[in-house]
Amino acid sequence: MFTGFRQIAKAKLKERGMTYAQVAAVSDVEESSLRRFMCGLSDSRHIAEVIADALGYQLIYSNGVYTIADESKEAQE
């Protein structure tokens with residue numbers, strides 16, 4: 001369900017030079033929870049929303065698949 005989202009999120013995190021620890025710090029979520037989600041051990045929609053928000057994107061659900069919006073919040077400002 002979150003496979004595509006994970007791939008996009010990993011690429012965006014790498015692109016921005018962000019670590020899971022940095023995402024955890026700005027989102028008040030345990031780093032271990034983020035790691036479990038990103039490794040596919042958890043399918044928490046809340047964690048997906050936290051990651052998308054930390055990246056400045058919206059979580060989108062369509063046809064049974066979660067992904068992030070193409071336009072970031074930064075681009076809209």
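Predicted model: local features only at pLDDT ≥ 70, side-chain atom pairs only at ≥ 80, totals over all residues.

Trainee: Why give both an angle and a distance?

Mentor: Two packed helices are described by the angle between their axes and the distance between the axes.

Trainee: Which residues of α3 and α4 make the contact?

Mentor: From α3 come Ser33, Leu34, Phe37 and Met38. From α4 come Ile47, Ala48, Val50 and Ile51. Seven of these residues are nonpolar, one is polar and none is charged.

Trainee: Which residues of α4 are buried?

Mentor: Ile47, Ala48, Val50, Ile51, Ala52 and Leu55. They pack against α1, α2, α3, β1 and β2. Just after α4 comes Gly56, with a positive phi of about 85°.

Trainee: How do you know that Leu55 is buried?

Mentor: Buried means under 20% relative accessible area. Leu55 has 1%, so Leu55 is buried. Leave aside the neighbours within four places in sequence. Leu55 is then in contact with Ala9, Lys12, Leu13, Arg16 and Met18.

Trainee: How far apart are the C-alpha atoms of Leu55 and Met18?

Mentor: They are separated by 9.0 Å. Along the chain, the two residues are 37 residues apart.

Trainee: Now Val23. Why does Val23 count as buried?

Mentor: Val23 is in helix α2. The relative accessibility of Val23 is 2%. The cut-off for buried is under 20%, so Val23 passes. Beyond neighbours within four places, Val23 is in contact with Leu13, Met18, Leu34, Ile51 and Ala54. Val23 and Asp53 are 30 residues apart in sequence, yet 9.4 Å apart in space, C-alpha to C-alpha.

Trainee: How much of the chain counts as buried?

Mentor: Of the 77 residues, 34%. The chain has five helices and two strands. Their order from the N terminus is α-α-α-α-β-β-α.

Trainee: On to rings. Why is the pair of Phe2 and Phe5 called edge-to-face?

Mentor: Two checks. Ring centres must lie within 6.5 Å to pair, and planes over 60 degrees apart count as edge-to-face. The centres of Phe2 and Phe5 are 6.4 Å apart, with the planes at 75°. Phe2 and Phe5 are both buried.

Trainee: What are the values for Phe2 and Phe37?

Mentor: The distance is 5.3 Å centre to centre, with 70° between the planes. That pair is edge-to-face too. The pair links distant parts of the chain, with the partners 35 residues apart. Phe2 lies in the segment before α1, Phe37 in helix α3. Phe37 is buried, as is Phe2.

Trainee: How many aromatic pairs does the structure hold?

Mentor: Five. One aromatic cluster is formed by Phe2, Phe5, Phe37, Tyr61 and Tyr66.

Trainee: What sits over the ring of Phe37?

Mentor: The charged end of Arg6, 4.5 Å from the ring centre. The distance limit for that label is 6 Å.

Trainee: Last, the loops. What makes Asp28 exposed?

Mentor: Exposed means over 50% relative accessible area. Asp28 has 75%, so Asp28 is exposed. Asp28 lies in the loop between α2 and α3. Its phi is positive, about 60°, although Asp28 is not a glycine.

Trainee: And why does Asn63 count as exposed?

Mentor: Asn63 has 77% relative accessibility, so the cut-off of over 50% is passed. Asn63 is found in the loop between β1 and β2. The phi of Asn63 is near 55°, again positive in a residue other than glycine.

How values were computed. Residues numbered from 1 in each chain as written. Heavy atoms only, no water. Helix = DSSP H or I, 4+ residues; strand = E, 2+ residues; numbered from the N terminus. Buried < 20%, exposed > 50% of the residue type's maximum accessible area, 1.4 Å probe, protein only. Phe/Tyr/Trp six-rings, centres within 6.5 Å; stacked < 30°, edge-to-face > 60°. Lys NZ or Arg CZ within 6 Å of the ring centre and 35° of its normal. Contact = heavy atoms within 4.5 Å. Nonpolar A, V, L, I, M, F, W, Y, C, P; charged D, E, K, R; others polar.
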